[in-house]
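Subject: A structure for you to look at

Hi there,

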Amino acid sequence: MELPLMYKKIKKSDDLQNYFDLLYDFTLIPPTEDSLKRGFKTEESVVCFGTDACGGTYALVGAGDVEKRPVAFISSEGQAGVIAKNFEGFVSLLVAIPFWVDVLKFSGGGKISEMEKAYNKLEKETVQDMNELLEDDDDPRRYKAVQALLIKNLELKSIAKPVETFYEAVGSKPELKVYAKKDNRLYDSLFSPFTVQNNPLWKS
């Protein structure tokens, strides 16, 4: 089973795996092409390679050059879709927008203007949250140092416009169709109808 070079690099490093697990809710799992083991089925071929704390699945989609295959996220609550154009783009997304799930949650059904608003709100909260996870919130530079370390070790490219890049990836092809194993129900889009105005903490 082919896997991207960056996946293999993360797999070889306990430190990298620990950082992605702790900070980005991304845990490697033994790769499998059997999506039914993860509770869903797809029309496209997939290779499931990771999970989040809630049981969602990260997967490579399609065939061809493994370095160019899109990455999809299939949630445990019935939403699914492509989130990056390739594995490197996926890792860059996690590091640049660790709160990407909430950016989609408050996207107003897929409006980039709403995603930008959510991004601006969430970015301000991230450093404090991450430093608490790292148990070093006395040093506000702690998370930024880890972020820089990941970028350097994995040779990640900087994303000049992270929200725009993310928006383009989520709206790109293929439009992944995912069905629940139990009742064959089609999964919903990752874009949720909420906006920042729906969050009482942000109304001010």
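Please keep in mind that this is a predicted model. Let's begin with a pair of helices. Helix 5 (residues 112-133) and helix 6 (residues 142-154) have axes that come within 8 Å and cross at roughly 90°. If you want to see where they touch, look at Thr126, Val127, Met130 and Asn131 in helix 5, which meet Arg142, Tyr143 and Lys144 in helix 6.

Next, the strands. Strand 3 (residues 46-51) and strand 4 pair in the antiparallel sense, over 5 bridges. Within this pairing, Gly50 has Tyr58 of strand 4 as its bridge partner. The two strands form a hairpin with 5 residues between them, and in its turn Gly55 has a positive phi of about 95°.

Strand 4 (residues 57-61) pairs with strand 5 as well, again in the antiparallel sense and over 4 bridges. Here Ala59 stands opposite Ala72 in strand 5, while Tyr58 stands opposite Phe73 in strand 5. How many of the residues of strand 4 are buried? The count is 5 of the 5, so strand 4 is largely enclosed by the rest of the structure. Thr57, Ala59 and Val61 point one way from the strand, Tyr58 and Leu60 point the other way, and all are buried.

Strand 5 (residues 71-74) is covered on both faces, too: Val71 and Phe73 on one side are buried, and so are Ala72 and Ile74 on the other. Strand 5 is also joined to strand 6 (residues 80-84) by 4 bridges, and these two strands run antiparallel. Ala72 stands opposite Val82 in strand 6. Strand 5 and strand 6 form a hairpin with 5 residues between the strands, where Gly78 takes a positive phi near 95°.

Finally, the aromatic rings. A search of the whole structure finds 18 aromatic pairs. In one of them, the rings of Phe26 and Phe49 have centres 6.0 Å apart and planes at 85°, so the pair is edge-to-face. Phe26 is in the loop between helix 2 (14-24) and strand 1 (27-32), and Phe49 is in strand 3, so this pair links distant parts of the chain, 23 residues apart. Both Phe26 and Phe49 are buried.

Phe49 has another ring partner in Phe90: their centres are 5.7 Å apart and their planes are at 70°, so this pair is edge-to-face. Because Phe49 lies in strand 3 and Phe90 in helix 3 (residues 87-96), the pair ties together parts that are 41 residues apart in sequence. What is the relative accessibility of Phe49? The value for Phe49 is 0%, which is why it counts as buried. Phe90 is buried with a relative accessible area of 0%.

Ring pairs also link a whole set of residues into a cluster, including Tyr7, Phe20, Tyr24, Phe26, Phe49, Tyr58, Phe73 and Phe90. Tyr143, which you met in the contact of helix 5 with helix 6, is in that cluster too, along with Phe87, Trp100 and Phe166.

Enjoy exploring, and do write back with any questions.

Best wishes

Notes:
Residues are numbered from 1 along each chain as its sequence is written. This is a predicted model: local features need pLDDT of at least 70, side-chain atom pairs count only at pLDDT 80 or more; totals for chains, interfaces and linings use all residues. Side-chain values use heavy atoms; hydrogens and water are left out. Axes are lines fitted to C-alpha atoms, for helices over the stretch in contact, and angles run from 0 to 180 degrees between N-to-C directions. Contact means heavy atoms within 4.5 Å. Buried means under 20% relative accessible area, exposed over 50%, partly exposed in between (1.4 Å probe, protein chains only). Two strands pair if DSSP finds at least two bridges between them. Rings of Phe, Tyr and Trp (its six-membered ring) pair if their centres lie within 6.5 Å; planes under 30 degrees apart count as stacked, over 60 as edge-to-face and the rest as tilted.
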